[in-house]
Amino acid sequence: MSNTPKGTENDYNSPGFWSDKTESWHDFMPGVRRRILVNNSGATAALYKLNGGAEVPLHSHPQAQYGVCLEGSGVFTVDQKAWKMKKGDSYYIPPSVTHGLKIEPNADTTLVEFFTPIRRDFIKDTLAADGP
């Protein structure tokens, strides 16, 4: 295991580059792995890999959430409305709106998500930049 520091709020005023490495991935919940791509005072970016059949239960948070489905499919529930998501679709969830996601069986899914402002609750899984 690397000695890469964890629990780092990345500096908003400094450029940074992050390599994809084993220690940057975390089991977020059963069937869901997450890599924090960058996390600074302006925003948080995260990459999710969800196994077919995985479920993110209904929840809400004070940050706005933006995302794109890179592969796979599932059903989003947002503010009590269901929406079928597939590869190439993008979405926006306003702050404090209840939402959840059920991935279709046999449809491993990859999502990139952005949150504004920062998700401070993700700092524990945030690595320091590898460079410059």
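These legends go with close-up views of the strands and sheets in a predicted model.

**View 1. The sheet built from 6 strands.** Follow the order β1-β2-β3-β10-β5-β8 and you've walked across an open sheet with antiparallel pairing. At the edges sit β1 (25-29) and β8, each pairing on one side only. From one strand to the next, the twist averages 25 degrees.

View 2. For a handy landmark, look for H26, whose bridge partner in β2 is R34.

**View 3. β5 and its two partners, β10 and β8.** Strand β5 (residues 64-71) pairs with β10 (residues 109-116) through 7 bridges, antiparallel. Here E71 stands opposite T110 of β10. β5 also pairs with β8 (residues 90-93), again in the antiparallel sense, this time over 4 bridges. On that side, Q65 faces I93 in β8 as its opposite number.

**View 4. The sheet built from 4 strands.** This one is open too, with antiparallel pairing and the order β4-β9-β6-β7. β4 (55-59) and β7 (81-86) are the edge strands, so named because each pairs on one side only. Neighbouring strands are turned against each other by 20 degrees on average, ignoring direction.

View 5. To get your bearings, find G74: standing opposite is M85 in β7. When reading the side chains here, keep in mind that in a regular strand they alternate between the two faces of the sheet.

How values were computed: Residues are numbered from 1 along each chain as its sequence is written. This is a predicted model: local features need pLDDT of at least 70, side-chain atom pairs count only at pLDDT 80 or more; totals for chains, interfaces and linings use all residues. Side-chain values use heavy atoms; hydrogens and water are left out. Two strands pair if DSSP finds at least two bridges between them. Helices (H or I, at least four residues) and strands (E, at least two) are DSSP runs, numbered from the N terminus. Axes are lines fitted to C-alpha atoms, for helices over the stretch in contact, and angles run from 0 to 180 degrees between N-to-C directions.
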